Amino acid sequence: MPRPLDNVEPVPSAVEGVEAGAPVDRAESPARAGDTEPDESPVVLSIRNLSRSFGDTVAVNGIDLDVRRGSFYGIVGPNGAGKTTTLSMVTGLLRPDSGTISVNGLDVWKDPAKAKKTIGVLPDRLRLFDRLTGAQLLYYSGVLRGLDGRTVRARVKDLASAFGLEDALNRLVADYSAGMTKKVALASALIHSPRLLVLDEPFESVDPVSAANVIEILQDYVANGGTVVLSSHGMDLIQRVCDHVAIIVNGEVLDAGAVDDVRRDGTLEERFVELAGGRKAAEGMEWLHSFSD
Ligand SMILES: Nc1ncnc2c1ncn2[C@@H]1O[C@H](COP(=O)(O)OP(=O)(O)OP(=O)(O)O)[C@@H](O)[C@H]1O
């Protein structure tokens, strides 16, 4: 059910009514909210001619992308392809050299405060206030997003239960394992029920059971009108869970669209390897077999 907020456009809660269990394959997913297929839904994220260099390194080179409401959109690409740079610019964390990014009709770099209210972010290199307990971190994330204390406390409880963090809530985040840190950061990204979730490698370090729970939470969120953009190196996961995908190589989108169109007759991994330039044979590594002793 939708849960209206005071100062954020209402979107359904991502965590209410979540039960542990395996995530649902796209093919078996329940019908999306509303009658429209994603391709007829409004564009939530629009990227036009986006570029960013670091010195001589061109990290992102003229990217265009449209992500529609209710989409579960995967961004894949080899190491150093420009995924994190793109997502950092989308979420207002890194200023582009050129190009525009519009989220929910708001220009992220011209109207950052309003645009950011509608975005939930899981950044790549997590810099959390880790001297807080998990409960404090979630509480402050909610309050900083403008929610009142009572609402935040209720949501912290829901999120802790959905992410299996109940027993960790009173421990310092600095003492969390990598997967627990990822989960508390993801919970922080959800607490204000944003319209768009941008998640950079959300499943890295997360155990399979927790990942299944998180996927189910995200699928529920998407089925009720939320939109997820995530980067991952898990091709199987993207193929199974996402409805759309973009393959980024050397800062450019080499293919994008419905997962089934992008992968063509093969798997997404096969298409990825084809576009990313194929695998390299381990030539010149014979010394590795000589063993030091
Ligand atoms: N702050 C920075 N300073 C200098 N170079 C950077 C910086 N951030 C990114 N780069 C460079 O930009 C390119 C794209 O990096 P980016 O982190 O966006 O790739 P990625 O696709 O997210 O890679 P990975 O899959 O390894 O996380 C790389 O060549 C990287 O070295």
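## Domains and their contact

The C-alpha centres of domain 1 and domain 2 lie 24 Å apart, where domain 1 comprises 40–118 + 194–275 and domain 2 comprises 128–193, with bounds that come from an automatic or database domain assignment. Eleven residues of domain 1 are in contact with ten residues of domain 2, two residues being in contact if their C-beta atoms, placed from the backbone, lie within 7 Å. On the side of domain 1 that touches domain 2, helix α6 (residues 208–223) supplies the largest share, four residues. By class, that side of domain 1 has six nonpolar, three polar and two charged residues; Ala, Val, Leu, Ile, Met, Phe, Trp, Tyr, Cys and Pro count as nonpolar, Asp, Glu, Lys and Arg as charged, and the others, Gly among them, as polar.

This is a predicted model, in which local features need pLDDT of at least 70 and side-chain atom pairs count only at pLDDT 80 or more, while totals for chains, interfaces and linings use all residues. Residues are numbered from 1 along each chain as its sequence is written.

## The chain as a whole

The protein chain contains nine helices and ten strands, which are DSSP runs numbered from the N terminus (helices H or I, at least four residues; strands E, at least two). Of its 293 residues, 44% are buried, a residue being buried if 20 or more other C-beta atoms lie within 10 Å of its own, exposed if 12 or fewer, and partly exposed in between, with C-beta atoms placed from the backbone. Among contacts with a separation of 6 or more, 71% are between residues 24 or more positions apart.

## Packing of α3 and α4

Helix α3 (residues 134–144) packs with helix α4 (residues 149–162) at an angle of about 135°, their axes being 9 Å apart; axes are lines fitted to C-alpha atoms, for helices over the stretch in contact, and angles run from 0 to 180 degrees between N-to-C directions. The two helices α3 and α4 are therefore oblique to each other, since angles under 35 degrees count as roughly parallel, over 145 as roughly antiparallel, 65 to 115 as roughly perpendicular and the rest as oblique.

The contact is made by Ala 135, Leu 138, Tyr 139, Gly 142 and Val 143 of α3, together with Gly 149, Val 152, Arg 155, Val 156 and Leu 159 of α4. By class, this contact of α3 with α4 has seven nonpolar, two polar and one charged residues.

## An enclosed helix and a buried leucine

Eight of the eight residues of helix α1 (residues 83–90) are buried, so α1 is largely enclosed by the rest of the structure. After α1 comes Gly 92, with a positive phi near 80°.

Leu 230, in strand β8 (residues 227–231), counts as buried because 25 C-beta neighbours lie inside 10 Å. Leaving aside neighbours within four places in sequence, Leu 230 is in contact with Gly 74, Ile 75, Leu 199 and Pro 202, and its C-alpha atom is separated by 8.0 Å from that of Leu 197, 33 residues apart along the chain.

Most residues other than glycine have a negative phi. Asn 49, in strand β1 (residues 43–54), has a positive phi near 50°, and counts as exposed with 12 C-beta neighbours inside 10 Å. Glu 201, in the loop between β7 (196–200) and α6, has a positive phi of about 50°, and counts as partly exposed with 19 C-beta neighbours inside 10 Å.
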